[in-house]
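Please report on the structure shown here.

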Amino acid sequence: MAGETLSHPMPGPLTGIALLLPITLSTMAIVLLAPILPQLLHAYRAVPGYEFWVPMILTVPALCVAFLSPIAGLLGDHFGRRRLLLAAFLLYALTGVAPVFLTSLPAILASRVGVGLSEALIMVLSTTLIGDYFTGAARDKWLAGQTAFASLSALLFFNIGGQLGAFGWRMPFWVYASALLMFALVLRFTWEPKGERSGPAGVAAPVADGGFPWRRMMIILAITVYGSIFFYTVQIQASSGLVHLGLTDPARIGLLTSIASIGVPLGTFVYSRVGRWPIRRLLLIEFALLAAGFATMALAKGPTPFLVGCFLNQVGAGLLLPTLLVWSMSLLSFEVRGRGAGMWQSAFAFGQFLSPVVVTLLGRQAGGLMGAFLLMSVGALVGAGIALLAPLRRGAQPVKSMIVHG
């Protein structure tokens with residue numbers, strides 16, 4: 001029709017890749033700097049309380065994600081996802097590189113708060129846009145791919161951080177400038193989405209709380225916190241378990257732990273083949289794998305069976321994460337998808353924070369780390385039992401894939 005200016009682009013592979021890559025920035029925020037933590041501790045050893053403050057350079061962004069993700073989702077629903085995402089990339093690059101030029105520890109910690117704020121926006125909004133652009137199996141594939149990318153990038157960034165750290169503790173911070181590349185990709189291959197109820201320039205109109213599936217989302221969020229505790233247990237505690245079994249070489253421990261962690265992307269790959277199964281069946285299988293892995297780890301008498309248990313556990317974890325994320329996205333209409341994605345990311349980050357606390361408390365009750373793994377196995381079996389008995393089902397919210405330019 002003459003004078004009609006709206007077009008209806010179909011999101012393709014480059015759109016998916018542009019929104020998949022940003023998830024690696026959340027991994028970079030911590031893993032990239034882990035190899036230089038001893039150097040940072042040495043550099044700021046004259047600062048009172050440095051043993052407490054310096055490790056916060058690594059952990060502050062994760063805490064910001066836990067607390068700020070729901071706000072990031074609300075902002076995306078109100079002001080538009082894409083424009084905030086692009087701004088977040090610039091903030092991430094600016095605050096991420098800042099420690100190269102900063103000298104005081106408080107200033108560096110302040111810059112890390114900026115990284116955490118931008119990371120919350122990036123994680124929530126990139127996930128939300130995948131939910132906006134794609135539907136059905138395509139949406140499941142790209143959401144599941146976030147888990148695999150995050151896991152594989154952890155191995156890459158750990159090595160990059162170690163190599164650059166040989167030139168001084170400031171060098172790894174330059175890698176944060178890679179957010180500018182992602183800015184360019186998102187700018188080129190995405191557009192501001194519009195839903196059925198939208199305001200000018202692609203801004204989603206506010207939706208009353210009655211339009212949000214509170215009861216069903218609360219169930220998913222509770223399972224997400226619960227599952228996240230299990231997910232991070234192996235990643236955080238596997239090296240300690242290997243030391244308990246007699247290994248002392250840090251390089252060998254790191255290599256073996258990395259091999260076991262390949263179970264996460266493998267689990268994600270399996271999910272790409274079975275992701276349309278009923279939620280109850282998926283959760284039952286996933287928690288059963290987690291339980292079997294923890295039990296094998298707890299009863300292991302040597303490194304090899306322990307690593308087999310770690311691998312089984314990580315396959316279950318790689319299946320569980322995309323199941324929960326896709327499930328939550330299936331409940332959310334366009335107008336509240338950012339809010340829901342933010343709440344989910346917050347729940348997942350909160351589980352990450354709780355994981356070492358839970359393992360420590362269980363270890364005190366069970367006589368050590370191996371006893372804690374056995375109790376974690378029992379906890380995962382409880383999750384499998386809930387999946388077997390509870391009336392869980394995925395949502396049926398339509399996801400618009402015909403989206404106009406804003």
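## Selected residues and the fold

Pro 193 counts as buried because its relative accessibility is 1%, where buried means under 20% relative accessible area, exposed over 50% and partly exposed in between (1.4 Å probe, protein chains only). Pro 193 sits in the loop between helix 9 (179-189) and helix 10. Helices (H or I, at least four residues) and strands (E, at least two) are DSSP runs, numbered from the N terminus.

This is a predicted model: local features need pLDDT of at least 70, side-chain atom pairs count only at pLDDT 80 or more, and totals for chains, interfaces and linings use all residues. Residues are numbered from 1 along each chain as its sequence is written, and side-chain values use heavy atoms, with hydrogens and water left out.

**Whole chain.** The protein chain has 16 helices and zero strands. Of its 406 residues, 53% are buried. Contact means heavy atoms within 4.5 Å. Among contacts between residues at least 6 apart in sequence, 85% join residues at least 24 apart.

| Pair | Apart in sequence | C-alpha to C-alpha distance |
|---|---|---|
| Pro 193 and Tyr 133 | 60 residues | 7.7 Å |
| Gln 146 and Met 123 | 23 residues | 9.8 Å |
| Ile 386 and Leu 284 | 102 residues | 8.3 Å |

**Gln 146.** This residue belongs to helix 8. Gln 146 is buried, because its relative accessibility is 4%. Leaving aside residues up to four places away in sequence, Gln 146 touches Leu 19, Leu 20, Ile 23, Ser 126, Thr 127, Ile 130 and Leu 325.

**Asp 77.** Helix 5 (residues 56-79) holds Asp 77. Its relative accessible area is 6%, so Asp 77 is buried. The side chains of Asp 77 and Arg 81 are joined by a polar contact of 2.6 Å. A polar contact is a pair of N or O atoms within 3.5 Å; within protein, one must be able to donate a hydrogen and the other to accept it, and residues adjacent in sequence count only if both atoms are side-chain atoms.

Helix 14 is mostly covered, with 22 of its 28 residues buried. Buried residues of helix 16 include Met 370, Phe 373 and Met 376. The buried residues of helix 16 pack against helix 10, helix 13 (279-299), helix 14 and helix 15. Ile 386 is also in helix 16 (residues 369-389). Ile 386 counts as partly exposed, because its relative accessibility is 46%.

**Largest pocket.** The largest pocket holds about 1600 Å³ of space. On a 1 Å grid over the protein atoms alone, a pocket is an open set of points with protein on both sides within 12 Å along at least five of seven lines; lining residues have an atom within 4 Å of a point. Of the 46 lining residues, the closest to the centre are Ile 30, Val 31, Tyr 232, Gln 235 and Gln 352. Elements giving two or more residues to the lining include helix 2 (23-31), helix 7 (105-133) and helix 10 (214-244). By class, the lining has 30 nonpolar, 15 polar and one charged residues. Here Ala, Val, Leu, Ile, Met, Phe, Trp, Tyr, Cys and Pro count as nonpolar, Asp, Glu, Lys and Arg as charged, and the others, Gly among them, as polar.

Definitions and conventions: On a 1 Å grid over the protein atoms alone, a cavity is a set of points where a 1.4 Å probe fits but cannot get out, and a pocket is an open set with protein on both sides within 12 Å along at least five of seven lines; lining residues have an atom within 4 Å of a point. Grid points are joined across faces, edges and corners, and a volume is the space filled by probe spheres set on the points.
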